[in-house]
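User: I have a model open and some terms to sort out. Can you take me through them one by one?

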Amino acid sequence: MDIIYLNDLRIDTVIGIYDWERRIKQTVVLDLEMGADIRQAAASDHIDDTLNYKAVAKRIIGFVEESEYQLVETLAEKVAEIILGEFDVPWVRIRLNKQGAVRGARDVGVIIERGTQA
């Protein structure tokens, strides 16, 4: 299985459990790894034969910007469901980072894998 990835996708959204977090937007950072077979695209050199990472990014940005989840776990799960369900991807790994959520730590978040790797 090949992997198409998007790293450091920064999106502002409402995320958090505290009252003050429900009133502001915070930046989450997504790293996405998506399973794909790129051989046909490599042979044809045509975008229709591969996973269009720009389309994935556009869909995820729109979704995350409009979401208002309390937990990064929930947001990561919903992003995985979109990628697997809408983009014919058999496997995805998502790293969702809520930078600055813990004093003294630069990064904090979750890493999930969903689907089946070939």
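Analyst: Start with helices and strands: they are DSSP runs, numbered from the N terminus, with helices being H or I of at least four residues and strands E of at least two. Helix α4 is followed by D88, whose phi is positive, near 50 degrees. This is a predicted model: local features need pLDDT of at least 70, side-chain atom pairs count only at pLDDT 80 or more, and totals for chains, interfaces and linings use all residues. Residues are numbered from 1 along each chain as its sequence is written, and side-chain values use heavy atoms, with hydrogens and water left out.

User: Why is Q26 called buried?

Analyst: Buried means under 20% relative accessible area, exposed over 50%, partly exposed in between (1.4 Å probe, protein chains only). Q26 has 14% relative accessibility, so Q26 counts as buried. Its place is in strand β2, residues 26-36.

User: What makes the pair of Q26 and E21 a polar contact?

Analyst: A polar contact is a pair of N or O atoms within 3.5 Å; within protein, one must be able to donate a hydrogen and the other to accept it, and residues adjacent in sequence count only if both atoms are side-chain atoms. The side chains of Q26 and E21 make one at 3.2 Å. The Q26 side chain also reaches the backbone oxygen of I15, at 2.8 Å.

User: How do you know that the length of α4 agrees with its residue count?

Analyst: The expected span is 1.5 Å times one less than the number of residues. Helix α4 (residues 72-86) has 15 residues, so it should span 21 Å; its end C-alpha atoms are 21 Å apart, which agrees.

User: Why do we say that the buried residues of α4 line one face?

Analyst: The arc is that of the directions from the helix axis to the C-beta atoms. The buried residues of α4 are V72, L75, A76, V79, A80, I82 and I83. Down the axis they fall within an arc of 160 degrees, so they line one face of the helix. An α-helix has 3.6 residues a turn, so residues three or four places apart point the same way.

User: What makes β3 and β5 edge strands?

Analyst: Two strands pair if DSSP finds at least two bridges between them. The open sheet has 5 strands in the order β3-β1-β2-β4-β5, with mixed pairing. β3 and β5 each have a single partner strand, so one side of each is left without a neighbour in the sheet.

User: How do you know that β1 and β3 pair?

Analyst: 2 bridges join these parallel strands, and pairing takes at least two. I15 has Y69 in β3 as its bridge partner.
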